[in-house]
Amino acid sequence: MNKVKAKHDCDSYQFGFKANHSTGICTNTMKKVINYYTSLGSHVFVCFVDFSKAFDKVNYWKLFNKLSKSNLFDDKVDCYIVSLLAVWYSRQQACIQWKNTISSPINSGCVTRQGEILSPYFFTRYIRELICTIVQSNIGCNIGGVCYSLLAYADDIVLPAPSWHVLQSLINLLSSSAIAINMSCSIAKPVCMVFKPKRSRMIVDSAFTCFALNDVALQFVREFKYLGHYVI
């Protein structure tokens with residue numbers, strides 16, 4: 001782990017797989033952002049996104065390329081370490097045991113194997129550029145010069161925005177960034193919510209056009225269970 005792990009400022013937007021972090025901290029941060037804007041008289045539009053089988057779709061060749069060299073992120077991982085990882089993961093196999101019978105070895109192309117020490121870091125490293133692309137776009141919610149356009153807990157991502165058009169732009173950006181790393185958003189799971197200003201005279205409308213993800217309309221909901229916490 002010490003040989004491959006590198007830090008980046010964008011990692012602060014990832015709350016999963018980190019010491020002293022929890023789903024509660026991620027959800028509470030989102031609620032504070034929403035409260036800040038609604039208290040000032042603004043609507044807040046939120047999209048909850050979940051990737052489809054995210055851990056199974058990690059392309060390990062793209063991952064190892066990110067570890068060894070990148071124009072935006074220089075992890076400075078020794079090339080011999082990367083080569084060793086490439087051999088391990090390209091040749092990994094598994095067997096299935098049923099009672100006293102063991103199957104022949106089966107090739108496995110999945111990098112982020114459940115229970116492996118490196119898997120959580122590999123996944124967060126794999127989607128780091130996606131997170132940075134959205135955060136560094138400088139659109140979305142901003143408090144005191146800090147951008148809050150994305151909050152992530154592993155592959156559960158929430159996008160808050162102070163206007164309809166901004167959130168649609170963030171959704172489009174997320175979709176294109178996901179495609180670049182061979183990942184896709186689950187069309188069945190993403191939902192959107194609208195939080196109204198606390199001062200009723202600041203409310204501009206009671207209904208809004210549905211957001212679209214890959215040309216599919218997203219459903220508006222009145223409440224949503226995000227990371228085990230109900231958001232209303």
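A residue is called buried under 20% relative accessible area, exposed over 50%, and partly exposed in between (1.4 Å probe, protein chains only). This is a predicted model, in which local features need pLDDT of at least 70 and side-chain atom pairs count only at pLDDT 80 or more, while totals for chains, interfaces and linings use all residues. Residues are numbered from 1 along each chain as its sequence is written, and side-chain values use heavy atoms, leaving out hydrogens and water.

- Cys-95 has 49% relative accessibility, so it counts as partly exposed.
- Cys-192 is in no disulfide (a pair of cysteine sulfur atoms within 2.5 Å); the nearest cysteine sulfur, that of Cys-47, is 3.9 Å away.
- Cys-192 is buried, because its relative accessible area is 0%.

**The disulfide**
- The whole structure holds 1 disulfide, and it joins Cys-10 to Cys-132, with 2.2 Å from S to S.
- Cys-10 lies in the segment before α1 and Cys-132 in helix α5 (residues 128–135), so the pair ties together parts 122 residues apart in sequence.
- Cys-10 is buried at 4% relative accessible area, and Cys-132 is buried at 1%.

**Helix α1**
- Helices (H or I, at least four residues) are DSSP runs, numbered from the N terminus.
- Gly-41, which follows α1, has a positive phi, near 95°.

Note on methods:
Helix = DSSP H or I, 4+ residues; strand = E, 2+ residues; numbered from the N terminus.
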